[in-house]
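Have your viewer ready and follow along.

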Amino acid sequence: QVQLVEFGGGLVQAGDSLTLSCAASLRTFDNYFLGWFRQAPGKEREFVASIHWIGKHPDYADSVKGRFTISKDNAKNTVILQMNSLKPDDTAVYYCAARNGVAKDYAYWGQGTQVTVSS
């Protein structure tokens with residue numbers, strides 16, 4: 001069982017930056033991928049970014065490439081999602097999720113955190 005807790009989120013204006021953090025109950029060299037997903041009202045949940053727990057192999061959705069950066073903070077055992085140049089379309093509930101390195105699906109999910117970008 002992997003426990004995930006998200007931090008960050010809030011209300012910002014278009015063009016602003018925001019940082020989300022996800023604390024995970026994983027050991028340093030566990031073979032897991034941590035991902036960020038988001039779900040806007042009336043829309044399906046979509047992939048945003050992912051990274052291996054050791055801090056390698058970042059991956060991004062096309063819609064956030066060049067604006068969002070995912071990284072691993074080893075000292076805090078967290079995954080960071082730095083979001084720059086935010087747009088109103090980025091408004092959504094953002095979820096942190098984890099999957100075993102050999103699994104296809106994300107089995108563990110955080111509670112979600114709201115990000116609202118005003119125009």
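Strand β8 (residues 78–83) and β7 pair in the antiparallel sense, over 6 bridges. Strands here are DSSP runs of E with at least two residues, numbered from the N terminus, and two of them pair if DSSP finds at least two bridges between them. This is a predicted model, in which local features need pLDDT of at least 70 and side-chain atom pairs count only at pLDDT 80 or more, while totals for chains, interfaces and linings use all residues. Residues are numbered from 1 along each chain as its sequence is written, and side-chain values use heavy atoms, with hydrogens and water left out.

The pair belongs to an open sheet of 4 strands in the order β1-β3-β8-β7, with antiparallel pairing. At the edges stand β1 (4–8) and β7 (68–73), each with a single partner strand, so one side of each has no neighbour in the sheet.

Within this region, Lys 72 stands opposite Val 79 in β8. Lys 72 also lies over the face of Trp 53, at 3.9 Å from the ring centre; a charge sits over a ring if NZ of Lys or CZ of Arg is within 6 Å of the ring centre and within 35 degrees of the ring normal. Thr 78, in strand β8, has contacts (heavy atoms within 4.5 Å) that include Cys 22, Trp 53 and Lys 72.

Cys 22 leads us to the disulfide (cysteine sulfur atoms within 2.5 Å). The partner of Cys 22 is Cys 96, with the sulfur atoms 2.0 Å apart. Cys 22 lies in strand β3 (residues 18–24) and Cys 96 in strand β9 (residues 92–100), so the pair ties together parts that are 74 residues apart in sequence. The torsion about their S-S bond is about -80°, so the disulfide is left-handed.

| Residue | Relative accessibility | Class |
|---|---|---|
| Cys 22 | 0% | buried |
| Cys 96 | 1% | buried |
| Thr 78 | 8% | buried |
| Phe 37 | 11% | buried |
| Tyr 106 | 17% | buried |
| Trp 109 | 30% | partly exposed |

Finally, the rings: pairs link Phe 37, Phe 47, Tyr 106 and Trp 109 into a cluster. Rings of Phe, Tyr and Trp (its six-membered ring) pair if their centres lie within 6.5 Å; planes under 30 degrees apart count as stacked, over 60 as edge-to-face and the rest as tilted. The charged end of Arg 45 sits over the ring of Trp 109, 3.8 Å from its centre.

Terms used. Buried < 20%, exposed > 50% of the residue type's maximum accessible area, 1.4 Å probe, protein only. Lists of a residue's contacts leave out its neighbours within four places in sequence.
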